[in-house]
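Subject: Structure handover

Hello,

Here is the structure for you to look through. My notes on it follow below.

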Amino acid sequence: MGGWSVSRRLWTVGRGWRTPGRLVAAGAVAIVVLFAPFAALAVGTGRADTALRVIGRDAGPQVLATADLYFALSDADAQVANLLAMGGERDQARAATLARYEQRRVEIGAALLQAHRLAGDSSAEQRTIASILDGYLRFERLAGRALLLAEQAGYPSGVPPPRVLAVYREATDLMSYQVLPQAYNLTLENGTTVRRTHDDARAAILAARVAVAAGGAAAVGCLVWLQLYLARRFRRLVNPALLAATVIVLVHAVTGVVVLTGQADGLRVATRDGFDPVLSLARGRAVSNSLHADQVRYLIDPQRADTYAQIYLDKAQSLVYAEAGSLDAYYAAMAGAPQAVGLLGAPAARTADGTAGDTLAAYERLQRADRDLRALVARGATGAAVESWFGPTGTAFRSYDAALVQLTGRYRAVFEGAVADGEDTMDDLWFWPAVIIMVAVALVVAGVRPRLAEYR
């Protein structure tokens, strides 16, 4: 009997010193597990912040800057063709065209400087920009020579003299086959960077969302187990501090999942619903401008008329695609229901208001005007065709360009708004999670400490 009594005392003492250790260990595990959803949220929001910076402040603006460069380059070429078509007449229109040409020269210089600044340490992009600058300077010298020869020739509106055309062909070939493709490729490369950033960041954010949910479930489960352990061991039904910590962690985990879902959706909106259409329309506007210049090149260079007509068709199909082997077939397709495919067609089809309809209708009117212009040339009415170029055809293009600018502005607002909303959310997230985890840890300590005090 004496030995049994001693054994019971030792067992009681052993249980007594083991309980505080278990309690400390359980509290420590609960505190460690608490950090899981917070750490996952920090990783996810960090990736979202990096992606927003790249898309909204770095690569995104760089892409749009290079798209603006492409437009300015193509328009400079178009204005030279316009001036050559005017000859020594149309003084008022000539002055306005010269002013626009000078404006494009300034914009090209500014766009090149911005693209160079945004290129950072990328030697490949810097070489491309330097090559574009070199090509443009050579184009400018050739264009200036062609304009000087045209001024000396003093011919009426229409087809320039052969020596003027010879120099302009050299200039426009340089622009079309060297400078513009390099500017286009620069835009595509940076656009790929934006899309890769979006895809990688969105995948990381969605993975972090799963980690937040799993970490939150583990933390809540650990706190519930600790609550039940204390209730069973110390005969108390509820530990208020641990209950509060459980509610806080649960709310935080749910909020984290919601926030990361919102960040993933925000990146999608900024990239797929904002940036991609803006880039597509910016490229579409540049191609449209070059397409418009192909119309006047078709007029002033009869020897290359067939070539310019085919180039026009190729560019038109890149804007709004239609299965057509000739311009007549393309005109017929545009008069019907054009497919929502191409630089213009796809973004326009995504709008829910009348902006898309206005843009596509304006584009269809431009094709009707082009059909009428070429019909005049086919009848040999070159003078009437030149008048149409400066009249109905030019008006149709300006109306279409204005509708295109309006549609681009709509998508640009979506892009900038999504980036701004994401950045505002990031600003709030850097403060509150740190506060919440400190409160949760303090509550766990407050829930466990009184029970430890009972063993002193």
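**Salt bridges**

D372 and R371 are joined through their side chains by a salt bridge, with N and O 3.5 Å apart; the term stands for a side-chain nitrogen of Lys or Arg within 4 Å of a carboxyl oxygen of Asp or Glu. D372 has a relative accessible area of 41% and is therefore partly exposed. R371 is also partly exposed, at 37% relative accessibility. The classes are: buried under 20% relative accessible area, exposed over 50%, and partly exposed in between, with a 1.4 Å probe and protein chains only.

Before the rest, a note on the source. This is a predicted model, in which local features need pLDDT of at least 70 and side-chain atom pairs count only at pLDDT 80 or more, while totals for chains, interfaces and linings use all residues. Residues are numbered from 1 along each chain as its sequence is written, and side-chain values use heavy atoms, leaving out hydrogens and water.

Across the whole structure, the search gives 19 salt bridges. One of them pairs R202 with D265, whose closest N and O atoms are 3.9 Å apart. R202 belongs to helix α4 (residues 162-234) and D265 to helix α5 (residues 240-300), so this pair ties together parts that are 63 residues apart in sequence. R202 counts as partly exposed because its relative accessibility is 24%; for D265, 32% puts it in the partly exposed class.

R297 and D294 also form a salt bridge, at 3.0 Å from N to O. They are three residues apart in helix α5, which means that about one helical turn separates them. In general, an α-helix has 3.6 residues a turn, so residues three or four places apart point the same way. Both R297 and D294 are buried. Elsewhere, a network of salt bridges links D75, R100, R104 and E107.

**Overall make-up**

The protein chain contains 11 helices and zero strands. Both kinds of element are DSSP runs numbered from the N terminus: helices are H or I with at least four residues, strands are E with at least two. Of the 456 residues in the protein chain, 47% are buried. Among contacts (heavy atoms within 4.5 Å) with a separation of 6 or more, 81% are between residues 24 or more positions apart.

Just after α3, G154 has a positive phi of about 60°.

**Surface**

The protein chain has an accessible surface of about 20,900 Å², 60% of it from carbon and sulfur atoms; areas come from the Shrake-Rupley method with a 1.4 Å probe, and for residues only the protein chains shown count as cover. V238, L243, V247 and V251 make up a nonpolar surface patch with about 330 Å² of accessible area together. Patch residues have over 30% relative accessible area and no salt bridge; like charges are joined within 9 Å, and nonpolar side chains (Val, Leu, Ile, Met, Phe, Trp, Tyr) within 5 Å. V251 lies in helix α5 and, at 47% relative accessibility, is partly exposed.

**Confidence**

pLDDT, the predictor's confidence in each residue from 0 to 100, averages 81 over the protein chain, and 86% of the residues score at least 70. Residues 1-17 stay under 50.

Regards
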